[in-house]
Amino acid sequence: LKRPYVFHNEVSSINSKRMAEVWLDDYKEYYYKNEPFMRSIDAGDLSERIELRKRLHCKPFEWYIKEVYPEVLPKTARFPALSVVGPSSSGAPGATNGLKLAQSRPSAAKGGYNPPPDYRDRRCKNVVHPSPSKLPTVTLVIPYLMEAWFQIRNTVVSLVAATNMDLVDEVRFVDDENPSDHKFRDELLALHPKVRVISNKKRLGLTRSKVVGCENVTSPVIIFLEPHLVFGSQWLEPLLSRMLVTPRSTVVMPVIDVINDPYTEEVPASRLYSAAGPSIGIFDLQALKFGWSDIRRHNRSYRDPEPFPSPAMAGGIFAIWNSYWEDSGRYDEGMGEWGGENIEMSIRLWTCGGRIEVVPCSRIFHWFRPKRPYVFHGGVGNRNTKRTAVVWLDEYLSTFMEGSPYMAEIDAGDVSSRVALRKKLQCKPFKWYIQNIFPELETTSRPRGLTHRGQQGRGHAHRE
């Protein structure tokens, strides 16, 4: 179900911040611990509500917990866990009313990770790939924003454990204007000599951060990744081997397996990981929302573990030739944050001479976290989707607008550069895409088998 109107997530975040600042007293530190991005939200002028609380002689929030709602905090998170560190009047994050949560700095040397099961088909394990000297080298690009150190560390530790690092030129982390306690620059650099950290001077969002991360890359291949992954055994060679035997306009993806929630150090590997079946990426025409569908629903003759084409890509994890990344138009830099860019790229690749494939012998585990640790502006995502629709859907734009009538109020901005790119690349019409790549898109409002994260198997979908 969806709202028939535009909802601005940032307004809800401001409302929550105002409530916390006025009413939670020192307990708001527990709130900020679970919602760390809220520290950076401007709550506006609170003086009127603070004065109201004083005038009404309201009891402290601690009384509310003890007398009204004791279950609001877990037993391990009672007030005595707060430690006094001395009064502070600086207003700096983490220094409210002289109290802050006791916590340790991240350590690059701390702990390891729980290696995942090897879910590859047995035939994948017998494949002889070209020698490393004959495979192209890669640069890995990983934007990050408000990530927990445990997950981001495991991404790198598992990468090094599962990868022939001779094939990797650089691991580029793009810091999208994280606060100081979530930058992890020194900790990341300490993990491996090939790690680099690029810092945005202001928040650019996931899409533009990927573009920044690719600037001046000299590796033949670029692989986009996410900061909450665990890598399966020998994940890289199948992708590169496939790229060697297909046209340079082919973009390849691994199978994206699942890191189950909760994702913590205490969860054993037997409960932490789930396998995803071979699936194609698809979307609906009414809202351009991405989902997955089992390949066998669309191709009953498919036999694992052969590579197979996919009408769409999730967008977070894929490999592309550096030269084709540039020649095909990179991302639409008129888009902000994230949302819609994966559908735009999927349509653009297929209609402009490219191809998207899934390579089942390559498997990467992704944590589909239950909530974002940062503010996502839904209006920006809607604008991105509107840009995609206006540029690429041709006569099917009316179907999209009928399915998402609230989009009539969304300003797509100037799309002239993307329209010019489409003309320059001599792209086929969207009708060709439907007829040749994704016929079900026209015959049904919700393509067969369309599922989102949390619905397929143990939750195979994407995004974040």
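**Disulfides and parallel strands in a predicted model**

Colleague: Is the link of Cys352 and Cys427 right-handed or left-handed?

Modeller: The structure is a predicted model. A disulfide joins Cys352 to Cys427, with 1.9 Å from S to S. About the S-S bond of this link, the angle is 100 degrees, and the link of Cys352 and Cys427 is right-handed.

Colleague: How many residues apart in sequence are the parts that Cys352 and Cys427 tie together?

Modeller: Cys352 and Cys427 are joined by a disulfide. Cys352 lies in the loop between α12 and β14, and Cys427 lies in the loop between α15 and α16, so the parts tied together are apart in sequence by 75 residues.

Colleague: Where does the partner of Cys124 lie in the chain?

Modeller: Cys124 forms a disulfide with Cys361, and their sulfur atoms are 2.0 Å apart. The pair links distant parts of the chain, 237 residues apart: Cys124 is in the loop between β2 and β3, whereas Cys361 is in strand β14.

Colleague: What is the hand of the disulfide between Cys124 and Cys361?

Modeller: Both Cys124 and Cys361 are buried. The torsion about their S-S bond is about -80 degrees, so this disulfide is left-handed.

Colleague: What pattern do the disulfides of the chain follow?

Modeller: The whole structure holds two disulfides. Cys124 is bonded to Cys361, and Cys352 is bonded to Cys427. With the bonded cysteines counted along the chain, the pattern is 1-3, 2-4.

Colleague: Is Cys214 buried or exposed?

Modeller: The relative accessible area of Cys214 is 3%. Buried means under 20%, so Cys214 counts as buried.

Colleague: Which residue of β4 is the bridge partner of Val141?

Modeller: Strands β3 and β4 run parallel and are joined by seven bridges. Between them the chain passes through helix α5, in a right-handed β-α-β crossover. Within β4, Val141 has as its bridge partner Arg172.

Colleague: Which residue stands opposite Val195 of β5?

Modeller: Strand β4 also pairs with β5, in the parallel sense and over five bridges. Together with helix α6, these two strands make a right-handed β-α-β unit. Opposite Val195 stands Val171.

Colleague: How many residues of strand β4 are buried?

Modeller: Strand β4 spans residues 168–175 and is mostly covered. Of its eight residues, the number buried is seven.

Colleague: What distance separates the C-alpha atoms of Tyr64 and Leu24?

Modeller: Tyr64 lies in helix α4 and is partly exposed, at 32% relative accessibility. Along the chain, Tyr64 and Leu24 are 40 residues apart, and their C-alpha atoms are separated by 9.7 Å.

Definitions and conventions: Residues numbered from 1 in each chain as written. Predicted model: local features only at pLDDT ≥ 70, side-chain atom pairs only at ≥ 80, totals over all residues. Heavy atoms only, no water. Buried < 20%, exposed > 50% of the residue type's maximum accessible area, 1.4 Å probe, protein only. Helix = DSSP H or I, 4+ residues; strand = E, 2+ residues; numbered from the N terminus. Pairing = 2+ DSSP bridges. Right-handed = clockwise from strand over helix to strand, strands pointing away. Disulfide = S-S within 2.5 Å.
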